[in-house]
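Subject: Structure handover

Hello,

Here is the structure I promised you. Please open it first, then read my notes below.

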Amino acid sequence: MIVILSSIFAVFSLVIFWSLTGIAISRFWIVRNVLPVSLRIGGGYFLGVMLSMVLFKLGNYLLPQHAREIFIAILVLECFILLPGIREALALARQVLSHLSLLSGFMYGVVAVILLLFPPIFWLFPFESLACSNHIGSGHSGFYGNMALAFTQMNWVQVVDVHSTQSMLTAALMLLGFGKVYLILSLWLSFSSGMLFLTFIGLFQYIGLGRAYSWWGTILLYVGQTTLSILPVVSTDNFFPYLSISYTDAILGAGTSVLFFIWMNELDGTNKTSTILFPAVASIFLCFTSEHWLSIIIPAMIILLYWRMVGSCLTRRVYLYAIMGMIVGSLVGLTQGGALTPRTLLDSNQFFPIYGNKFIKYKFSPGLLVYVRTLPWDNESENKNIQIRPAHNDSPIMSFSEEIWQLEQRFWESLRYIFFPFVGILLLLFLTLHPKTQKSNTDAPTPQALLAVCALLYLLGGYVLTFVISPGDTYAAKFSMSRFLMPGYTWGMLALAVSMYIITLQYAKTSRMLWIAVLTMTSIGPLITYSETIIHRLSNPGEMTFSWTTFFSEPTKLISATKDRPFGCHRRT
């Protein structure tokens, strides 16, 4: 129990510390105006993690095998950054306490308990032997636990070709003496999910939603699926919606996308640090954290910033500086790891991941890959791949006709899978860009309009990539391609919540019925799955004995480690 409490305290302390650090530097990096309290706290956490992990990664790149010393030096540096902002932090704490009613405090407490306990129960699958593919309180904990353990043993965060921030966060605490690798991985997932919850509430308030509707919108993101179905449908390997996200890196990518949006909307060129430094650091961070977020965000930001420049919000010089920051940051980030890093830049004795990502092997094979998860989720054989293959026919004309028919069928089915984000984007585009709905005649885009176009670009980018690109016959790699839908899903559901709020302002009498109807339609499948899984876990303690023992254990050697593969698992081909 002491080990559990000490691990919780260690992760919680770093979360608060990085949140305060992010608050202290946010006015210099992102926005000079005062943001909603929840957005300052949640966004501050993601900004603090971003700065810390970029410095940690670059420090290990320049000084190999000094990871512990580098991490301690970063914490000391951030203490000096935080000292001038102590007064502001105390003022923020007083503001939080003054606005925190008994009801809202109770609601935040319930959410905190759920997000703390849900991942280790939901993502602790029964197993009898330890392997890289095991889910031990988070997604593929054996794999990422191996990485964290190797970073710790070598005292060196290497350049690897998979997202590695959750392993870096875990290794950082292990270097300070906290050795329960699977427990710490799960705690980072829980606390990061909680800070993302705060960030979404603050983002809705920043857009203009009231406090109550901000809660409704955030709940939609956490329990609402994207598909028009009463069945639980999963179309990414991160298990959207956000309550069941299995990777901390996916949550960090979502939080960084919110920071990018705030930066883009507030950018005016008066602060050169904000214009160049923030997009550069954020791009480096996303390269080794969530490459699917990076590849979708950068093109969208270039288009949206151009729109703001046309609307006389930015000068051409500021626009070019911002693009230069993103490009330079992306190029530097490619040297620090991630799926897009060239093989020649990887460390020679690195951890070889399960899947490879060589774009030259990709071929066109239209069809959005979607998985329907039938109950229970523990049985991998229950996963059904919804992707119909064309029938073969000797007649060229008939074969071509069948190909076209099947392509059309896949296209219409895929629209069903992205139904709610797609409808939300269309509604918000109409409500914000239609001449009859615009409240001003200025060319400057409103935050609501920017959100609508941002969500559209994210969804289109991810949809096209996932629909047309297939890496040969590699089953798992095609599944990984669906990660590029995560930005579109996230911001499409944000657009749905904002559009419903705008509609409720005009039709107040039906507002609650609209929200209840949408929340019911989107959440019935996931909630059934969550309830069944949790009940199954708790009602079968016998089959979970080894899993729980492993979750709280302190591994001393890597899984399936060999001389050629020191981190275990498989070499990239």
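The buried residues of helix α15 are F420, P421, G424, I425, L428, L429, L431 and T432. Buried means under 20% relative accessible area, with a 1.4 Å probe and protein chains only; exposed is over 50%, and partly exposed lies in between. Helices are DSSP runs of H or I with at least four residues, strands are runs of E with at least two, and both are numbered from the N terminus. The cover over the buried residues of α15 includes α16 (447-468), α18 (486-506) and α19 (511-539). Helix α15 covers residues 419-433, 15 residues in all, and should span 21 Å at 1.5 Å a residue. The expected span is 1.5 Å times one less than the number of residues. The end C-alpha atoms of α15 are 21 Å apart, which agrees.

This is a predicted model: local features need pLDDT of at least 70, side-chain atom pairs count only at pLDDT 80 or more, and totals for chains, interfaces and linings use all residues. Residues are numbered from 1 along each chain as its sequence is written, and side-chain values use heavy atoms, without hydrogens and water.

Now the whole chain. The protein chain has 20 helices and 5 strands. Of its 573 residues, 56% count as buried.

Next, the core. A nonpolar core is a set of buried Ala, Val, Leu, Ile, Met, Phe, Trp, Tyr and Cys residues joined through side-chain atoms within 4.5 Å. The largest one has 162 residues, and W18, F56, F261 and W491 touch the most other members. Helix α8 (residues 181-207) gives this core its largest share, 19 residues. Contact means heavy atoms within 4.5 Å. Beyond its neighbours within four places in sequence, W491 is in contact with residues including L203, F261, W293 and Y458.

How do α1 and α2 pack, and at what angle? Helix α1 (residues 2-29) and helix α2 (residues 37-62) pack at about 90°, with axes 6 Å apart. Axes are lines fitted to C-alpha atoms, for helices over the stretch in contact, and angles run from 0 to 180 degrees between N-to-C directions. The two helices are therefore roughly perpendicular, a label for angles of 65 to 115 degrees.

Last, P119. It sits in helix α5 (residues 102-122). P119 counts as buried because its relative accessibility is 5%. P119 and I136 are 17 residues apart in sequence and 9.3 Å apart in space, C-alpha to C-alpha.

Best wishes

Technical notes: Parallel < 35°, antiparallel > 145°, perpendicular 65-115°, else oblique.
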